[in-house]
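Work through the exercises below with the model open. Each task is followed by a stepwise solution.

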Amino acid sequence: MKSEAVPAAQALPDSSGIDLYAADPSFGPLLGLYLAPELQRHLAPHFTRLGELAGGELDRLAADADRNPPVLHHRSRAGEDRQWIEKHPAYRRLEEVAFSEFGLAAMSHRGGVLGWPHALPPAAKYALTYLYVQAEFGVCCPLSMTDSLTRTLRKYGDPVLVARYLPGLTGQDLDALTQGAMFMTEQGAGSDVGGVATRAMKDGDTWRLYGDKWFCSNADAGLAMVLARPDGAPAGTKGLALFLLPRVLPDATANAYRIVRLKDKLGTRDMASGEIALEGARAFLVGDPGRGFVQMTDMINLSRLSNGMRAAGMMRRALTESLFIARNRVAFGRTLIELPLMRRQLMKIMLAAEAARSVMLHTAVELERADQGDDAARRRVRILTPLLKFRACRDARRATGDAMEVRGGCGYIEEWSDPRLVRDAHLGSIWEGTSNVVALDVMRAIRREESLAALLPALEAILPDGAFGTALRETLGRAAAFAEDTAHKRDDAHARQAASGLYYATAAAVLASEGSRLAASGDARRLLLAGLVLEHRLRARDPLHPALLDDAWAELLLPETPVAPAHAERLLEKRESDPIF
Ligand SMILES: Cc1cc2nc3c(=O)[nH]c(=O)nc-3n(C[C@H](O)[C@H](O)[C@H](O)COP(=O)(O)OP(=O)(O)OC[C@H]3O[C@@H](n4cnc5c(N)ncnc54)[C@H](O)[C@@H]3O)c2cc1C
């Protein structure tokens, strides 16, 4: 018997084709705080187009590419020994949008991308990529590695190498583009990179590399930065030199390395990560042979910042989807968003997503200052980067998982975006340093570079006046003191706790600063978000005390519409005497 069609009222709400920029009404006004007005006006149509693409074509392509992982071939059908990675057309199109149409890897290195005459500032790059990653995470790895390899090469590379490879690295024609990669870790050298056993032997003007690299994402990239130990160099990170490894040598012959196999991964299934055997591969020394690891740190830190941005983007997608479902799905005669317990869950996703977005944009502006020679900003970026990478990537695991549950059973089904988001989110906290390792790096930044001494006064300076500003200042001071103490006592066991506290205190300060600036034009939403972070992440709570969420907060925040400053002030004053959660 033919079944009846599902009545429209019972059909599952489907957000496919949603404009991910328009569905995020806070983003435009927020960008007004981080981009110069002329630049924001110029980029407005690009954000609009990318928002439409991300919720439509890119989302469909990402699902397709995820179902069709790359395949490694070793021989041509005519018997010629030649390696290549076959990539699904959906992946190629995802690359085309990122590298070619939007020039996301090139825009920091030259003018002319998206019609802007100068190199675009980091805030513009991260804001656009934040939108792109809401559809596709896999391509963002090659994108970030191409961008960061270019930066490191320009900073430390021989001008001859820079002149030879820069045009390919910053090209927007996919066929002529040279992508970047980072072959650093090995079986015996993951977190502990000082264990790298790959050997480097001088051979004329260049070097020959011998060894096994165990995790090589974007395995067929045209150029990779590789850490290796020159014969006779000391043990540990001090003995590591940095090399540029081309896939094809200047005389057009294939370089002497083999992709042994591709990894079968939980997430980023469409992007090829492989194991690589270096068999006398020819490579060019980059910079000072005694400072290979220090130079590589520049690339690692930029990749970490990119990872934090991606976690923020994935959380935004999780929030957009959750709000969409909650506004449209009906249970027990009410839309989900009307149900008190669901409102609480949505607020939790929103808190993590908004905190990460604010820290990401704030860090991007600090990076721009640092690149212009501001040393205090450099020290702030040094600590903000691992703070964001550590905590936002952790939060993304939970936020994407919670969003999956908001969709109910369908959230667990692969034809919806949630499973891919959850799988990808888990990778963020593992690669480019696991959570433990990155939290310890926060402590190192405090100990060795006095980064906290640069961060704290800068955050204090942006706090709003009044009782709420005082509460934030007091909490920020406590978080900083705890982190300082943990770092100097080398109390590793508490590094994550200290880094989490410092991250949320930073987020609360930045949100409050954004909130008071936006309140001037009538929207105090971000002041309330700062209040939520303070209450929910930084205040002591009794787990056996009813954790009350004053519904007035959800009422104001969940619609994502402007909140009148007077409303926000009343709630923030009440917060001092009456816990929210
Ligand atoms: C999909 C994927 C792609 C990757 N792509 C690349 C790539 O392109 N290039 C590249 O170079 N690498 C890449 N990696 C490698 C990645 O960076 C490492 O896997 C990661 O840094 C962890 O190293 P490990 O696997 O050796 O784990 P280990 O270092 O063995 O860590 C195991 C556990 O020990 C913990 N641990 C280690 N040290 C400490 C400590 N001091 N205190 C407390 N806990 C500690 C870690 O947190 C972790 O939980 C990739 C990994 C994955 C999964």
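**Exercise 1.** Which residues does Leu 572 touch, not counting residues up to four places away in sequence?

*Solution.* First, the ground rules. The model is predicted: local features need pLDDT of at least 70, side-chain atom pairs count only at pLDDT 80 or more, and totals for chains, interfaces and linings use all residues. Residues are numbered from 1 along each chain as its sequence is written, and side-chain values use heavy atoms, with hydrogens and water left out.

Step 1: Leu 572 sits in helix H18 (residues 565–577); helices (H or I, at least four residues) and strands (E, at least two) are DSSP runs numbered from the N terminus.

Step 2: list contacts, meaning heavy atoms within 4.5 Å. Leu 572 touches Phe 468, Leu 527, Leu 528, Gly 531 and Trp 553.

Step 3: check one pair. Leu 528 is 44 residues away along the chain, yet the two C-alpha atoms are separated by 7.0 Å.

Step 4: assign burial. Buried means under 20% relative accessible area, exposed over 50%, partly exposed in between (1.4 Å probe, protein chains only). Leu 572 has 7% relative accessibility, so it counts as buried.

**Exercise 2.** Describe how helix H2 (residues 37–55) crosses helix H3 (residues 57–67).

*Solution.* Step 1: take the axes, which are lines fitted to C-alpha atoms, for helices over the stretch in contact; angles run from 0 to 180 degrees between N-to-C directions. The axes of H2 and H3 come within 3 Å and cross at roughly 40 degrees.

Step 1: classify. H2 is therefore oblique to H3. Angles under 35 degrees count as roughly parallel, over 145 as roughly antiparallel, 65 to 115 as roughly perpendicular and the rest as oblique.

Step 2: name the residues. From H2 come Leu 50, Leu 53, Ala 54 and Gly 55; from H3 come Glu 57, Leu 58 and Asp 59.

**Exercise 3.** Where does H2 bend, and what do its buried residues pack against?

*Solution.* Step 1: the bend at a residue is the angle between axes fitted to the seven residues ending there and the seven starting there. H2 bends by about 40 degrees at Leu 43, and Pro 45 follows within four residues.

Step 1: the buried residues of H2 include Leu 39, Leu 43 and Phe 47. The buried residues pack against helix H1 (27–34), H3, helix H4 (89–101) and helix H5 (122–132).

Step 2: turn to H1. Of its 8 residues, 6 are buried.
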